[in-house]
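This report looks at how the parts of one protein chain pack against one another. Please keep the sequence and the model in view while reading.

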Amino acid sequence: MADLEELDATTLAVRDLIAASRELVGRMARVMDMNATDMSAIGELTQHGSMGTADLGRRLGISSASATVLVDRLERAGHVERVRDTADRRRVVLTVTDAARAASFAAWLPAVREIDEVCRTLGDAEKAFAHDLLSRLTAAVERSGRPA
């Protein structure tokens, strides 16, 4: 493994952004009175829409049994609901409640506004470059977690 001194400064800046994002998730979880995994689950459901418990567990990198415990906890707290899939009535999917969506939005809004403020200072060429870079970095991170 490469020593940190051998890594590009931009790579280290991306590492710092990822760490700041993790810290933000932790702070937002405390604001919403839940743990970071629960907050990540709400985020996955909000961003990607309804999905089954097993799908959510895979996205979070937790076992099926842990995902069931997590969903039970989120359901008791009123953050998610189990509903019948409209396409396959035998399947149950999870949806974020309106209250949880509103609370999550309110918790994240200050950070999103700060990020938007920075992005609005960029010129068109900078925005195009940043968008391309962030898209490529996101794809790299997503690829890195997949089995070979």
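Predicted model: local features only at pLDDT ≥ 70, side-chain atom pairs only at ≥ 80, totals over all residues.

A nonpolar core is here a set of buried Ala, Val, Leu, Ile, Met, Phe, Trp, Tyr and Cys residues joined through side-chain atoms within 4.5 Å, and buried means under 20% relative accessible area, with a 1.4 Å probe and protein chains only.

Residues are numbered from 1 along each chain as its sequence is written, and side-chain values use heavy atoms, without hydrogens and water. Local features need pLDDT of at least 70 and side-chain atom pairs count only at pLDDT 80 or more, whereas totals for chains, interfaces and linings use all residues.

## Helix α1 against helix α2

Helix α1 (residues 9-31) packs on α2 at an angle of about 95°, with the axes 8 Å apart; the two are therefore roughly perpendicular (65 to 115 degrees) to each other. Axes are lines fitted to C-alpha atoms, for helices over the stretch in contact, and angles run from 0 to 180 degrees between N-to-C directions. Helices (H or I, at least four residues) and strands (E, at least two) are DSSP runs, numbered from the N terminus.

In this contact, Val25, Met28 and Ala29 of α1 meet Ala36, Met39 and Ser40 of α2. These residues divide into 5 nonpolar, 1 polar and no charged.

## Helix α3 and its two partners

The axes of α2 (residues 36-48) and α3 (residues 53-60) come within 10 Å and cross at roughly 115°. On the α2 side, Thr37, Ser40, Ala41, Glu44, Leu45 and His48 meet Leu56, Arg59 and Leu60 in α3, and the residues of this contact divide into 4 nonpolar, 3 polar and 2 charged.

The axes of α3 and α4 come within 9 Å and cross at roughly 110°, and these helices are therefore roughly perpendicular to each other. Thr53, Leu56, Gly57 and Leu60 in α3 meet Ala67, Thr68, Leu70 and Val71 in α4.

## Thr95 in strand β2

Thr95 lies in strand β2 and is buried, with a relative accessible area of 18%. Apart from its neighbours within four places in sequence, Thr95 is in contact with Ser50, His79, Val80, Glu81 and Val83.

Terms used
Contact = heavy atoms within 4.5 Å. Nonpolar A, V, L, I, M, F, W, Y, C, P; charged D, E, K, R; others polar. Parallel < 35°, antiparallel > 145°, perpendicular 65-115°, else oblique. Buried < 20%, exposed > 50% of the residue type's maximum accessible area, 1.4 Å probe, protein only.
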